[in-house]
Amino acid sequence: MFMVNILKLLLYSCLTISIVFAKNNNKNKSLLGSQAKFWMLKDAYSGKFEKLNNYVSPKESKWKAGKERKVVVMSFFATWCKPCIKEIQELEILQNTFKDDPVKFFLINLTEYYRYQSNASNKYKDAPDAVDFFERKGWTDFSLLNDPNGRTKRAYDVTSLPRIVIIDKYNNIVLDETGLCPSCIIDEIEPLLEKIVQAD
């Protein structure tokens, strides 16, 4: 009986450790303080490619004459993700607040990436197309970038949504948040943007 109890305890311990490990592995790895990874993605409206290095560059590197560096706000989302949609509503307010400042907002669309996974659930398969969805919502002022292969998703280690990454003018990641409560977005992000927009 004693051995049976010991074996049960060991089995329970191993199971608990496995569950904790699995949960931790499902969380996004924070990129705060690191250099942003390069990306190039197609704009869903214009069909043109946007590149991160058109907006940011390390301080010591040469920069394009006559062009201003910008702070980049990236929000990874999918149309089936309800918290993502709430986040975008708040980001729209922020985008309007900073429309005259050197800040560029990008929404990184992962809807198609999830739709075509081999084990995609109906919620992914039946998710509305992002362009149609945004037009119905009146969100046509956003830069909507498609990441159908998940290349940028993997580069930024996005394992859950919504995810916001803010990159300063010098390519440093200054904010990396997953699932930030929608009512916290403006309170947390607006002061940060005000600070880094002014930084030289």
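Is Cys 84 buried or exposed, and what is its relative accessibility? I looked this up first: Cys 84 has 0% relative accessibility and therefore counts as buried, where buried means under 20% relative accessible area, exposed means over 50%, and partly exposed lies in between (1.4 Å probe, protein chains only).

**Notes on the model.** I keep in mind that this is a predicted model, in which local features need pLDDT of at least 70 and side-chain atom pairs count only at pLDDT 80 or more, while totals for chains, interfaces and linings use all residues. Residues are numbered from 1 along each chain as its sequence is written, and side-chain values use heavy atoms, with hydrogens and water left out.

**Disulfides.** I took a disulfide to be a pair of cysteine sulfur atoms within 2.5 Å, and by this rule I found two. Cys 84 is bonded to Cys 81, with the sulfur atoms 2.3 Å apart, and Cys 81 is also buried, because its relative accessibility is 4%. The torsion about their S-S bond is about 80°, so I noted this disulfide as right-handed.

The other disulfide links Cys 181 with Cys 184, at 1.8 Å from S to S. Its torsion is about 70°, so this disulfide is right-handed. Here Cys 181 is partly exposed at 31% relative accessible area, and Cys 184 is partly exposed at 27%. Counting bonded cysteines along the chain, I wrote the pattern as 1-2, 3-4.

**Strand β4.** I then turned to the strands; helices (H or I, at least four residues) and strands (E, at least two) are DSSP runs, numbered from the N terminus. In β4, residues 103-109, six of the seven residues are buried. Two strands pair if DSSP finds at least two bridges between them. I found β4 parallel to β3 (residues 71-77), joined by seven bridges, and parallel to β5 (residues 143-146), over four bridges. Leu 107 of β4 is the bridge partner of Ser 75, and Leu 107 also has Leu 144 in β5 as a bridge partner.

**Asn 171.** Where does Asn 171 sit? I located Asn 171 in the loop between β6 (163-167) and β7 (173-178), and this residue is buried, with a relative accessible area of 10%. Leaving aside neighbours within four places in sequence, its contacts (heavy atoms within 4.5 Å) include Ser 34, Leu 52 and Pro 58.
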